[in-house]
Amino acid sequence: MTVQTRQPASSLFGTPEIEMCDRCGMRARVRVVLDGGELYFCRQHAGTYRETWQQRMYLVKDLPL
Ligand SMILES: [Zn+2]
């Protein structure tokens with residue numbers, strides 16, 4: 001699986017904003033911290049990729065609702 005990472009949004013906007021899923025654009029519910037950046041996923045895509053994260057021991061955080 002190839003993933004595209006991006007810089008944390010907080011560095012661009014200064015304050016936390018509602019994050020969007022990097023796959024479908026829905027409101028993100030999970031943040032995944034990688035070596036090169038962060039990824040955001042909605043519930044559906046969080047389930048899709050969760051197994052990959054656990055295998056690589058990425059840090060996964062649930063976002064506040
Ligand atoms: Zn999604």
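The largest nonpolar core holds 8 residues: Ala-28, Val-30, Val-32, Leu-39, Tyr-40, Phe-41, Cys-42 and Ala-46. Here a nonpolar core is a set of buried Ala, Val, Leu, Ile, Met, Phe, Trp, Tyr and Cys residues joined through C-beta atoms within 7 Å. A residue is buried if 20 or more other C-beta atoms lie within 10 Å of its own, exposed if 12 or fewer, and partly exposed in between, with C-beta atoms placed from the backbone. Strands β1 (30-34) and β2 (37-41) each supply at least two residues of this core, and β2 gives the most, with 3 residues.

This is a predicted model, in which local features need pLDDT of at least 70, side-chain atom pairs count only at pLDDT 80 or more, and totals for chains, interfaces and linings use all residues. Residues are numbered from 1 along each chain as its sequence is written.

**Layout of the chain**

- The chain contains 2 helices and 3 strands, which follow one another from the N terminus as α-β-β-α-β.
- Helices (H or I, at least four residues) and strands (E, at least two) are DSSP runs, numbered from the N terminus.
- Of the 65 residues in the chain, 12% are buried.
- Contacts are pairs of residues whose C-beta atoms, placed from the backbone, lie within 7 Å. Among contacts between residues at least 6 apart in sequence, 39% join residues at least 24 apart.

**Confidence**

- The predictor's confidence in each residue is its pLDDT, from 0 to 100.
- The chain averages a pLDDT of 79, and 75% of the residues score at least 70.
- Among the elements, helix α1 (residues 10-13) has the lowest mean pLDDT (51), while β2 has the highest (88).

**The sheet**

- The 3 strands form an open sheet in the order β2-β1-β3, with antiparallel pairing. The edge strands, β2 and β3 (59-62), each pair on one side only.
- Neighbouring strands are turned by 20 degrees against each other on average, direction ignored. Helix α2 (residues 43-56) packs on the sheet, touching β1, β2 and β3, and its direction makes about 140 degrees with that of β2.
- For these angles, axes are lines fitted to C-alpha atoms, for helices over the stretch in contact, and angles run from 0 to 180 degrees between N-to-C directions.
- Two strands pair if DSSP finds at least two bridges between them.
- β1 and β2 pair in the antiparallel sense over 5 bridges, and a hairpin joins β1 to β2 through 2 residues. Arg-31 stands opposite Tyr-40 in β2.
- β1 and β3 pair in the antiparallel sense over 4 bridges. Val-32 stands opposite Val-60 in β3, and the bridge partner of Val-33 in β3 is Leu-59.

**Two residues to look up**

- Val-30 touches Phe-41, Ala-46, Val-60, Asp-62 and Leu-63, not counting residues up to four places away in sequence.
- Lys-61 has its place in strand β3. Lys-61 counts as exposed because 10 other C-beta atoms lie within 10 Å.
- Lys-61 and Val-30 are 31 residues apart in sequence, and their C-alpha atoms are 5.7 Å apart in space.

Methods. Two residues are in contact if their C-beta atoms, placed from the backbone, lie within 7 Å.
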